[in-house]
Amino acid sequence: MIFNPEYECMDEAARQKLQLASLKNLVEMLYSNVAFYREKMNGLGIKPADIHSLKDLERLPFTTKDDLRLNYPHGLLACPKDRIVEVHMSSGTTGKPVVDEYTMKDINIWREAMARTMAAAGCTKDDIVQNCYGYGLFTGGPGAHYGALNIGAEVLPMSSGNTARQLMVLQDFGSTMLTCTPSYALYMAEEAADAGIDLHKLPIAKGCFGAEPWSENMRKEIENRFSMKAYDIYGLTEIIGPGVSFECEAQDGLHINEDLFYPEIIDPETGKALPPGEKGELVFTTLTKEGTPLLRYRTRDITYLMPQPCSCGRTTVRMHRLFGRTDDMLIIRGVNVFPSQIEQALIEIEGTEPQYLIVVNRGESHLDEVELQVEVKREFFSDETRGLEVLRNRIENVMKSRLQIAVKVKLVEPKTIERSIGKAKRVVDNRKL
Ligand code: DLL
């Protein structure tokens with residue numbers, strides 16, 4: 001179902017006109033209200049009045065994750081603080097999270113974007129949505145919740161975890177749609193099989209999965225195990241959360257909500273715009289947001305744009321499912337983790353060397369498991385196992401509170417982690433997606 005044909009099926013010229021009008025407003029607002037953007041634009045010698053066409057966007061400055069970090073927490077706020085009604089965050093590179101602050105209008109944009117997303121997967125007011133994305137600072141839970149409410153569906157705000165309860169609710173409440181990370185969907189299927197629950201007999205028929213990389217194989221596996229259609233959905237906290245782009249029934253690329261989020265593909269080395277069809281870094285400008293709107297935000301996600309018409313009737317440009325990232329960010333159980341965060345924490349723990357190796361496995365359970373190998377300082381490495389045990393627990397606790405995921409720590413003797421002459425290899429990712 002197409003939730004909002006007026007915008008999703010708009011003809012190209014009308015959409016561009018709308019996008020340009022929104023862009024002009026945005027640049028005007030950022031120039032007046034956000035010192036960071038005013039200074040950047042002054043530095044480039046460009047004023048809001050210089051924006052005459054969408055092409056002029058290329059003259060405007062980029063925004064990076066570092067810019068967000070340096071302006072933490074409220075430096076990029078573009079409206080009076082008392083207009084903010086909700087805040088979300090996700091991991092930044094060195095400890096400080098990136099922040100998205102929403103006005104009521106921004107929440108309504110999100111409700112719209114997620115309603116389009118979930119409707120494209122077949123969600124109607126008759127659906128019962130079991131929402132197992134995490135609720136909290138993470139955008140997954142609230143995003144899918146808002147989308148379902150906007151469609152008029154019934155939501156079960158389960159949040160993530162407690163799989164036995166998830167399976168009980170799945171059966172007893174007749175959930176027809178599932179929203180969670182793809183790896184959690186597979187984990188649920190596995191647990192259901194172990195518990196002797198036949199998922200094929202349940203009404204569950206479709207799901208929206210995202211927040212982490214997954215493959216066509218994983219899609220087939222989820223579709224077969226649940227007898228459902230599994231749709232890829234994409235988004236990021238900085239831009240709005242989930243709802244930036246989504247698959248339709250054609251399952252051939254993700255439609256971008258272009259009237260709200262203007263996409264560009266750039267060469268990550270030179271920053272130059274690349275033509276449709278060429279792979280590069282995805283960049284978004286939030287055209288209509290008020291709280292923390294962003295100009296040309298570099299997502300570090302790699303994909304290409306597909307401007308060809310889609311059989312579903314939507315005219316919005318599609319992006320290919322992601323090919324990877326330009327940085328070393330890992331996504332573990334849907335949580336963004338940077339090796340630098342681990343390094344920073346280790347430096348602060350007495351007794352450890354900043355020599356470590358992160359080994360990520362996706363076990364039988366289909367859930368990510370992390371082993372962190374850490375070198376212990378020589379003076380700490382003794383036969384006294386109790387001391388080492390205390391140190392190990394301490395590191396595990398610090399990692400849990402810093403990274404929001406459980407990590408299994410293995411302490412190793414000094415000089416055992418392989419040193420490299422070039423870029424240090426900090427991550428061994430054994431997950432086969
Ligand atoms: O993961 C928002 C979200 C929630 C998307 C629920 C979809 C469903 P962040 O935690 O800020 O936000 O992480 C954003 O996750 O830049 C991508 O690298 C990755 N990512 C998100 N969706 C997908 C996807 C949410 N469908 C980062 N496929 C993004 C691959 C994805 N990677």
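Author: Domain bounds here come from an automatic or database domain assignment, and on that basis the chain is divided into domain 1 (1-327) and domain 2 (335-429). Residues are numbered from 1 along each chain as its sequence is written, and side-chain values use heavy atoms, with hydrogens and water left out. This is a predicted model, in which local features need pLDDT of at least 70 and side-chain atom pairs count only at pLDDT 80 or more, while totals for chains, interfaces and linings use all residues.

Reader: How many residues of domain 1 and domain 2 are in contact?

Author: Taking contact as heavy atoms within 4.5 Å, 15 residues of domain 1 meet 10 residues of domain 2. The centres of the two domains, taken over C-alpha atoms, are 32 Å apart.

Reader: And what area do they bury between them?

Author: Domain 1 and domain 2 bury about 1,100 Å², with 54% of it on carbon and sulfur atoms; buried area is the accessible area (1.4 Å probe) that two parts lose on being put together, summed over both.

Reader: Which helices supply the side of domain 1 that touches domain 2?

Author: Helices are DSSP runs of H or I with at least four residues, strands are runs of E with at least two, and both are numbered from the N terminus. Both α8 (182-194) and α9 (216-226) supply at least two residues each to that side of domain 1, and the largest share, 5 residues, comes from α8.

Reader: Switching to the ligand, which residues come nearest?

Author: There are 23 residues around the ligand, of which A211, D232, I233, T237 and D301 come nearest; a residue is counted as near if one of its heavy atoms lies within 4 Å.

Reader: What are the distances from the ligand to the side chains of T237 and R325?

Author: An N or O atom in the side chain of T237 is 2.5 Å from an oxygen atom of the ligand, and for an N or O atom in the side chain of R325 the distance to a ligand oxygen is 3.2 Å. At A211 a polar backbone atom is 3.1 Å from a nitrogen atom of the ligand.

Reader: One more topic, the backbone: where is the cis peptide bond?

Author: Y72 and P73 are joined by a cis peptide bond, with omega about -5°, and P73 lies in the loop between α4 (65-70) and β1 (84-90). S227, in the loop between α9 and β7 (229-236), has a positive phi near 50°. Most residues other than glycine have a negative phi, and most peptide bonds are trans.

Conventions
A polar contact is a pair of N or O atoms within 3.5 Å; within protein, one must be able to donate a hydrogen and the other to accept it, and residues adjacent in sequence count only if both atoms are side-chain atoms.
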